[in-house]
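Here are my notes for you, point by point. Keep the model open while you read and find each spot as we reach it.

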Amino acid sequence: MELIPLAASAQHEQVVLAADPAIGYRAIIAIHSTRRGPAVGGTRLWTYRSDDDALHDALRLSSAMTLKNAVADLPFGGGKSVIMRPPGAFDRRRIMEAHGAAVDSLGGRYITAEDVGTSADDMDLIATTTRHVLGRPLHGGDPSPFTARGGVRALQAAVQFTRGADALAGLAVVIQGLGNVGIEVARMVTAEGALVRGADVDAARIERAVREPGLQILPPEQALEAEADAVMPCALGGVLHADAIARLRCRMVTGVANNQLETDADALRLHDRGIVYVPDFVANAGGVISGAADLLGWSAQALYRKIDAIYDTALAILRQSEARRVTPQQVAVEMAQAAVG
Ligand code: NAI
């Protein structure tokens with residue numbers, strides 16, 4: 001196992017490239033900040049076109065974790081790791097064990113968890129070589145239902161802000177991405193009486209979704225531009241860019257996907273169009289809150305209370321944004337930065 005320090009950016013505390021060529025393991029672990037506590041953030045397993053792409057992803061995702069953990073008032077800093085998926089077949093067990101060893105060598109400054117491309121079972125494999133891992137099957141497990149609950153609270157806050165009441169009955173909602181979180185969001189908002197349409201690019205996910213009572217399916221290319229009260233991006237990042245924002249036909253955007261804005265300017269584009277946007281790192285903190293509950297031994301009641309507080313945080317951000325005539329993104333980033341100190 002090789003661990004090569006990368007001089008990535010002045011804003012990150014530590015960034016390393018971890019590699020074990022014998023098994024095709026290559027990963028970047030980025031620690032953005034440990035000022036509030038150990039850097040917590042998941043492990044993404046993804047096919048990257050280049051090392052530079054992987055580095056860019058790790059840097060962006062880890063700094064977003066600092067903001068997310070700070071706004072959620074968790075005693076954590078921000079970090080993230082990305083494993084560059086080897087081409088062809090690979091030994092998943094050995095890759096995860098190697099990753100655990102890399103995480104372990106950071107001595108607890110970084111604690112990992114699942115993310116896109118990894119599962120709670122992978123966390124069990126990682127746990128064979130490090131104890132600095134959250135979300136194992138018998139320890140909190142899949143964070144998705146908790147992320148979904150927080151995402152729905154963020155939607156309710158946006159509805160309260162725009163309509164003066166937070167009931168979802170009759171609200172037209174479109175969900176982009178019916179994966180682990182998206183399908184749970186769909187179930188929860190349908191149960192609240194919303195009129196829900198959803199889209200996915202994956203045939204298996206659509207097959208599952210068509211069996212959900214009350215959920216209508218849209219072609220994926222129509223999801224963001226569908227006429228609706230709220231659009232919830234629950235697929236991948238970078239979906240809110242100049243072109244997509246110009247075509248939105250909704251009043252609110254409140255999804256759980258990480259890094260939805262392609263650039264900082266997109267927050268202003270949404271604002272200028274009068275679209276109420278709950279910053280992603282506020283809306284999607286439910287998953288990391290469930291990891292915190294496991295690590296810190298919180299009761300189920302304390303866990304749900306903390307997730308439900310996303311409603312208050314999101315509403316406070318929207319109100320402040322209105323009062324100060326700045327974007328919700330700016331308010332949320334400033335709030336996080338103040339909490340990091
Ligand atoms: P997932 O991989 O289970 O679901 C994503 C879904 O989006 C997949 O079904 C995929 O086919 C679909 N998709 C991809 N491109 C699409 C497109 N253009 N149009 C429509 N559908 C598309 O991932 P998961 O766990 O549900 O996470 C969703 C998002 O939320 C990700 O961005 C993730 O980083 C973020 N997130 C997830 C958390 C969790 O607890 N799982 C926690 C915090 C953030």
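1. Start at Gly 237, which sits in the loop between β11 and α7. (Helices, H or I with at least four residues, and strands, E with at least two, are DSSP runs numbered from the N terminus.) Gly 237 counts as partly exposed, at 40% relative accessibility; buried means under 20% relative accessible area, exposed over 50%, and partly exposed in between, using a 1.4 Å probe and protein chains only. Leaving aside neighbours within four places in sequence, Gly 237 is in contact with Asn 258, Asn 259 and Gln 260, where contact means heavy atoms within 4.5 Å.

2. A word on what you're looking at. This is a predicted model, where local features need pLDDT of at least 70 and side-chain atom pairs count only at pLDDT 80 or more, while totals for chains, interfaces and linings use all residues. Residues are numbered from 1 along each chain as its sequence is written, and side-chain values use heavy atoms, with hydrogens and water left out.

3. Next, helix α8 (residues 265-272). Its buried residues are Asp 266, Ala 267 and Leu 270. They lie on the same side of α8 because they cover an arc of only 110 degrees around the axis, the arc being that of the directions from the helix axis to the C-beta atoms. These buried residues pack against α7, β12 (252-253), β13 (276-277) and α12 (328-340). Just after α8, look for Gly 274, with a positive phi of about 75 degrees.

4. Now follow helix α11 (residues 300-324). Its 25 residues reach 36 Å from first C-alpha to last, close to the 36 Å expected at 1.5 Å a residue; the expected span is 1.5 Å times one less than the number of residues. Among its buried residues are Leu 303, Ile 307 and Ile 310. The cover over the buried residues of α11 includes α4 (144-163), α8 and α12.

5. What does Asp 308 pair with? Asp 308 forms a salt bridge with Arg 153, the closest N and O atoms being 2.8 Å apart. (A salt bridge is a side-chain nitrogen of Lys or Arg within 4 Å of a carboxyl oxygen of Asp or Glu.) Arg 153 lies in helix α4 and Asp 308 in helix α11, so the pair ties together parts 155 residues apart in sequence. Arg 153 is buried, at 17%, whereas Asp 308 counts as partly exposed, at 24% relative accessibility.

6. Glu 184 and Arg 187 form a salt bridge, with closest N and O atoms 3.2 Å apart. Both lie in helix α5 (residues 180-191), three residues apart, about one turn of the helix.
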